[in-house]
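Below are my notes on the model you sent. They go from the whole chain to single side-chain pairs.

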Amino acid sequence: MASVKLKNTVIILVSLLMGGLISTSAYHYLSSPKNNVETVERKILFWYDPMKPNTKFDKPGKSPFMDMDLVPKYADEDGATAEAKMGVRVDPTQTQNLGVRTEQSHYGKLTYSQTIPANVNFNEYQYAIVQSRSDGFIEKVYPLTVGDKIKKQSPLIELTIPEWVEAQSEYLLLASTEATNAQLRGALERLRLSGMPETDIQRLIKSKNIQTHFTIKAPIDGVITAFDLRTGMNISKDNIVAKIQGIDPIWLSAAVPESMAYLINDPSQLTISVPAYPGRDFKIQKWNILPSVDASTRTLQLRLQVENQDEFLKPGMYANLTLNTESEEMLLIPSQAIIDTGTEQRVITLNSEGRFIPKTIKVFHESQQKTGIVSGLSDGESVVVNGLFLIDSEANISGALERMREYEAPSLTVPGMTDHSAHSSSDH
């Protein structure tokens, strides 16, 4: 009987000892910092509709404005760092559902391909005004009128000029006497000064005969732009016989936006096309940009001298001038990522912590849906391309844009790049 009691006592003591060991181990395990799991409940400040971010609600539910659930605004959403305070965090589910997309900034060249209307004009360097240079009588007018093409040395009119007849008689009289060479040269010079053509003077010297009828001829190839004489008319030395303008080479003129003028460096960048002759190439001989700017259109005048031996190009024709070129290398982002307030340009970037941060930038130029950046961004930064409305709504709620204005980030300027922010345009 005693042995049974002793046995039971031993069992009880062992059980108590094991229970104590288990309790002690459990206490140490549960009291360990890494195993002490504590659920922290995030504090909600209010609920809001992302489409109407300025209206706040004190409890969850459906938005009275849109058919969507209200979104909670948490008290711990703003970080402690300066960068975190100027940014906003958007629920990843929302960004995915609304298609928020980002692209990285990168170095590259802006490509330009723009067609500019142009007009075909007369070559003002080939311009001749024909006069008789002495009073006379028109004996014959050749069948010509304004708009006719004419070749060099083609006859325009025949006339009698008494002054020339008198000067020829004087020369022949001196030549028949023992006049000195100086006297003869003086008589011939009088003929030249009175306007008598050199060919007629040489004919007088060889033939020794007085000429009474003289032919006025075209001095250049071209088109007659003024001609209004009739047979039997008197003509004075001040009267204009004809005006002739050349058409080979011919001129093309185009109004170029002043923001594009710096891109034109070589005629190989330019291609001419004429609707009247599709597929035909025209060779540019010379080009220059005139020094003045049209104050009303803010354009520069581009003048091209174009080969026109076949005379396909005619003054008054319409032509297209296509500029194909590219800029120097610069930092590029998609143009749709830019928020233009009218006084400054901004983008919204996404940092490595998942926060959207607005940044002020300086724009160089825009073309082909790409924009060159002078400063404000660095290579490889992610900028929001679409979904800006969602982030702008969240920024308005958290006051991120206001904090951004108080925070001046260091200026990041592209080396070797000048500020051409005035060149920003949306039509390129």
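Among contacts in the protein chain between residues at least 6 apart in sequence, what percentage join residues at least 24 apart?

1. The share is 74%. Please keep in mind throughout that this is a predicted model.

2. Overall content. The protein chain has 21 strands and 8 helices. It comprises 428 residues, and 38% of them count as buried.

3. An open sheet. Strands E9, E8, E6 and E11 form an open sheet in the order E9-E8-E6-E11, with antiparallel pairing. Its edges are strand E9 (214-217) and strand E11 (234-235), each of which pairs on one side only. Strand E8 (residues 155-160) is joined to E9 by 4 bridges, and the two run antiparallel. Within this part of the model, Leu-159 stands opposite Phe-214 in E9.

4. Aromatic pairs. The structure holds 4 of them. One of these is formed by Tyr-125 and Trp-251, an edge-to-face pair with 4.9 Å centre to centre and 90° between the planes. Tyr-125 belongs to strand E5 (residues 106-131) and Trp-251 to strand E12 (residues 240-257), so this pair ties together parts that are 126 residues apart in sequence.

5. Trp-251 is buried, at 7% relative accessible area.

6. The ring centres of Tyr-277 and Phe-312 are 5.0 Å apart and the planes stand at 70°, so the pair is edge-to-face. Tyr-277 is in the loop between strand E13 (270-273) and strand E14 (284-294), while Phe-312 is in the loop between strand E15 (299-306) and strand E16 (318-334); the pair therefore ties together parts that are 35 residues apart in sequence. Tyr-277 counts as partly exposed, with 22% relative accessibility. Phe-312 is partly exposed too, with a relative accessible area of 24%.

7. Charges over rings. Which charged end sits over the ring of Trp-251? That of Arg-303, placed 4.2 Å from the ring centre.

Conventions:
Residues numbered from 1 in each chain as written. Predicted model: local features only at pLDDT ≥ 70, side-chain atom pairs only at ≥ 80, totals over all residues. Heavy atoms only, no water. Buried < 20%, exposed > 50% of the residue type's maximum accessible area, 1.4 Å probe, protein only. Contact = heavy atoms within 4.5 Å. Pairing = 2+ DSSP bridges. Phe/Tyr/Trp six-rings, centres within 6.5 Å; stacked < 30°, edge-to-face > 60°. Lys NZ or Arg CZ within 6 Å of the ring centre and 35° of its normal.
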